[in-house]
Amino acid sequence: MAKEQKPQIRVNATSHRAAAKAATRLKMSLGEYTEAALDYFTSRQLNPADDVAREGQLIMQQVKKLGDRVFSYMQEEERSLLLPMLEEMLRSRITLERVLRMNEILVNNLNGQLSLLNEGQLAAHRETLKKLRQQNDEAIERQLKEALTGAQSISSGKTVGEGQPGKKDTEPSS
């Protein structure tokens, strides 16, 4: 049987010593080390004489892809979560300002009417006001829970029906 001929590559003595030293350090044979190095450059289509510049280009491509993904994610978050939150916040603020103005008018009118009542009537009105305040606090807590549940559903990608902020008005009954 004839012994199989292996292809040979000629390198200068300095390169041979450096490769042999590196192979020994990595506990590989010189042939294994050389094959691994050749596989590295050929699989990545790198020019071994210009590997630093090529690796930099590959890294920059990966950084650009990652940046594009992050930017795309941020845009999606803005569209699906941040803009609706801003809209709801503005709606709440405008509503609050209008309600406060209306409350000022009502308080002024109520003060005028209360001055005409006796102590028994005032006590009855205070009790009614206390009940109304409790109903209002309960309605606020219920709406807050519904709004938080809706926000959590939106952020997890689920669709939201009832309980979505701004979709259902609950007012305390008097």
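This short talk goes through the salt bridges, a nonpolar surface patch and an aromatic pair in the structure above.

Before I start, please keep in mind that this is a predicted model, in which local features need pLDDT of at least 70 and side-chain atom pairs count only at pLDDT 80 or more, while totals for chains, interfaces and linings use all residues. Residues are numbered from 1 along each chain as its sequence is written, and side-chain values use heavy atoms, with hydrogens and water left out.

Let me begin with helix α3, which covers residues 51-114; helices here are DSSP runs of H or I with at least four residues, and strands are runs of E with at least two, numbered from the N terminus. A search of the whole structure finds five salt bridges, a salt bridge being a side-chain nitrogen of Lys or Arg within 4 Å of a carboxyl oxygen of Asp or Glu. One of them joins R79 to E76, with the closest N and O atoms 3.1 Å apart, and these two residues are three apart in helix α3, which separates them by about one helical turn. R79 counts as exposed at 51% relative accessibility, whereas E76 is partly exposed at 41%; buried means under 20% relative accessible area, exposed over 50%, and partly exposed in between, with a 1.4 Å probe and protein chains only.

Further along the numbering, R91 takes part in a network of salt bridges with E87 and E88. The E87 to R91 contact is 2.9 Å, N to O, and spans four residues of helix α3, about one turn. For E88 and R91 the closest N and O atoms are also 2.9 Å apart, with a spacing of three residues in the helix. Both E87, at 47%, and R91, at 38%, are partly exposed.

Turning to nonpolar side chains, L83, L86, M89, L90 and I94 form a surface patch with about 470 Å² of accessible area together, as given by the Shrake-Rupley method with a 1.4 Å probe, where for residues only the protein chains shown count as cover. Patch members have over 30% relative accessible area and no salt bridge, like charges being joined within 9 Å and nonpolar side chains (Val, Leu, Ile, Met, Phe, Trp, Tyr) within 5 Å. L90 is found in helix α3 and is partly exposed at 43%.

Finally, the structure holds one aromatic pair. Y40 is partly exposed, at 33%.

Conventions
Rings of Phe, Tyr and Trp (its six-membered ring) pair if their centres lie within 6.5 Å; planes under 30 degrees apart count as stacked, over 60 as edge-to-face and the rest as tilted.
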